[in-house]
Amino acid sequence: MNHIAGIAAFAGFAIIALPAQATEWIGRWGAPGCSADDTVIGLDAKELDFSTFEASCRTLRAERRRDVYEIAGECHGEGRPMRVVFTVRVDGDTLSFIRQRGFDFSPKRFRRCR
């Protein structure tokens with residue numbers, strides 16, 4: 001136990017170290033833009049909104065792996081529930097789907113909606 005954690009524990013405080021999770025993938029994304037006629041999706045820590053594709057997903061996990069994020073979910077739409085895994089890369093205001101397992105769609109590149 002390091003010195004600060006030891007002092008905090010002695011003083012009756014609980015210190016919990018949680019890994020910092022980057023959230024740059026969270027938000028509304030559109031292709032080619034964010035108007036009513038464009039393809040708009042919503043990604044967050046609890047839900048992946050693919051209503052444009054008549055599917056909605058519950059986020060099961062999201063992990064940063066070097067310069068990409070791996071997002072796993074359970075989707076419901078037409079047909080039976082399916083497990084999905086997406087690998088995405090964020091570069092500024094651009095989100096690109098690098099790999100899609102379980103649910104493949106186009107377009108693959110989206111811009112952040114503001």
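**Loops, salt bridges and aromatic pairs in a predicted chain**

At 79% relative accessibility, Arg-66 counts as exposed (buried means under 20% relative accessible area, exposed over 50%, and partly exposed in between, with a 1.4 Å probe and protein chains only). Arg-66 lies in the loop between β4 and β5, and its phi is near 60°, a positive value in a residue other than glycine. Glu-54 likewise is not a glycine and has a positive phi of about 60°. Glu-54 is placed in the loop between β3 (47-50) and β4 (55-65) and, at 52% relative accessibility, counts as exposed.

The model is a predicted one, in which local features need pLDDT of at least 70 and side-chain atom pairs count only at pLDDT 80 or more, while totals for chains, interfaces and linings use all residues. Residues are numbered from 1 along each chain as its sequence is written, and side-chain values use heavy atoms, with hydrogens and water left out.

The mean pLDDT of the chain (the predictor's confidence in each residue, from 0 to 100) is 83, and 81% of the residues reach 70 or more. Over residues 1-20, pLDDT stays under 50, and the model has five contacts beyond four places in sequence for this stretch (contact means heavy atoms within 4.5 Å). Where pLDDT is low, the predicted coordinates should not be read in detail.

The chain contains one helix and eight strands, in the sequence order α-β-β-β-β-β-β-β-β (DSSP runs numbered from the N terminus: helices are H or I of at least four residues, strands E of at least two). Of the 114 residues, 34% count as buried. Two peptide bonds are cis: the bond from Ala-31 to Pro-32 has omega near -5°, and the bond from Ser-106 to Pro-107 has omega near 10°. Pro-32 is found in the loop between β1 (27-31) and β2 (39-43), and Pro-107 in the loop between β7 and β8.

The structure holds 12 salt bridges (a side-chain nitrogen of Lys or Arg within 4 Å of a carboxyl oxygen of Asp or Glu). One of them joins the side chains of Arg-101 and Glu-70, at 3.6 Å from N to O. This pair links distant parts of the chain, with Arg-101 in strand β7 (residues 94-101) and Glu-70 in strand β5 (residues 68-77), 31 residues apart. Arg-101 is partly exposed at 41%, whereas Glu-70 is buried at 11%. Glu-74 forms a salt bridge with Arg-83, with the closest N and O atoms 3.6 Å apart; Arg-83 is exposed, at 59%. Asp-93 and Arg-112 form another salt bridge, at 3.5 Å between the closest N and O atoms. Asp-93 lies in the loop between β6 (82-91) and β7 and Arg-112 in strand β8 (residues 109-112), so the pair ties together parts 19 residues apart in sequence. Salt bridges that share partners join Arg-61, Glu-63, Arg-65, Glu-70 and Arg-101 into one network.

Rings of Phe, Tyr and Trp (its six-membered ring) pair if their centres lie within 6.5 Å, with planes under 30 degrees apart counted as stacked, over 60 as edge-to-face and the rest as tilted. By this rule there are 11 aromatic pairs. In one of these, the rings of Phe-97 and Phe-105 have centres 5.0 Å apart and planes at 75°, so the pair is edge-to-face. Both Phe-97 and Phe-105 are buried. One aromatic cluster is formed by Phe-50, Phe-53, Phe-86, Phe-97, Phe-103, Phe-105 and Phe-110. The charged end of Lys-108 sits over the ring of Phe-105, 6.0 Å from its centre (NZ of Lys or CZ of Arg within 6 Å of the ring centre and within 35 degrees of the ring normal).
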